[in-house]
Amino acid sequence: MARTYKYLYLNIDLCSFSEPHRLKLTSLGIVKPQPTDEEIFTFFERCKVHGNIEVVINLITGLPHFTGEDIARSEAVLSRIIANYPFFRGLDWGRLHAQPGAPILKNTEIYGMHSYAHTYEDF
């Protein structure tokens, strides 16, 4: 795409910067399949060779199973991105939400959560 278009703006949707956290949530079926750190940095290295790419990453706040270790891992990943990839333009955080029928809505009590929305009309 970078060779085809004059400018490319990529918005990557990750649930967390911590690889163990991403993979745990994926294994529990709470989030869509997530990349490993190696896959993320391989992608960033490939973007680095092009001068017409900007990347933003979206994260989700409020996900279950986030630990102090995940905070440290997240800080390390973000620091590495900022230090090595000048085309990285920033972060966007969204709060945890789900559409009707999403697995996390079916199991909110397991995570000590409550959702006011349960039907399409509620959303």
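Buried means under 20% relative accessible area, exposed means over 50%, and partly exposed lies in between (1.4 Å probe, protein chains only). All views show a predicted model, in which local features need pLDDT of at least 70, side-chain atom pairs count only at pLDDT 80 or more, and totals for chains, interfaces and linings use all residues. Residues are numbered from 1 along each chain as its sequence is written, and side-chain values use heavy atoms, with hydrogens and water left out.

**View 1. Cys 15 and Cys 47.** Cys 15 is buried, at 3% relative accessible area. Cys 47 is also buried, at 4%. With a disulfide taken as a pair of cysteine sulfur atoms within 2.5 Å, the count is zero. For Cys 15 the nearest cysteine sulfur belongs to Cys 47, 19 Å away.

**View 2. The largest nonpolar core.** A nonpolar core is a set of buried Ala, Val, Leu, Ile, Met, Phe, Trp, Tyr and Cys residues joined through side-chain atoms within 4.5 Å. The largest has 19 residues, of which Phe 44, Val 55, Ile 57 and Ile 81 touch the most other members. At least two residues of this core come from each of β1 (8-13), α2 (37-48), β2 (53-61) and α3 (68-84); helices (H or I, at least four residues) and strands (E, at least two) are DSSP runs, numbered from the N terminus. A second, separate core of five residues includes Leu 25, Ile 30, Val 31 and Leu 63.

**View 3. Helix α3.** The buried residues of α3 are Asp 70, Ser 74, Val 77 and Ile 81. They lie on the same side of α3, because they cover an arc of only 70° around the axis, taken from the directions from the helix axis to the C-beta atoms. Gly 68, Glu 69, Glu 75, Ile 82 and Ala 83 are exposed on the other side of α3.

**View 4. Salt bridges.** A salt bridge is a side-chain nitrogen of Lys or Arg within 4 Å of a carboxyl oxygen of Asp or Glu, and the structure holds four. One of them joins Arg 22 and Asp 37 (2.6 Å, N to O). Arg 22 lies in helix α1 (residues 19-27) and Asp 37 in helix α2, so this pair ties together parts 15 residues apart in sequence. Arg 22 is buried at 0% relative accessibility, and Asp 37 is buried at 18%. Glu 54 and Arg 89 form another salt bridge (3.3 Å, N to O). Glu 54 is in strand β2 and Arg 89 in strand β3 (residues 88-95), so the pair ties together parts 35 residues apart in sequence.
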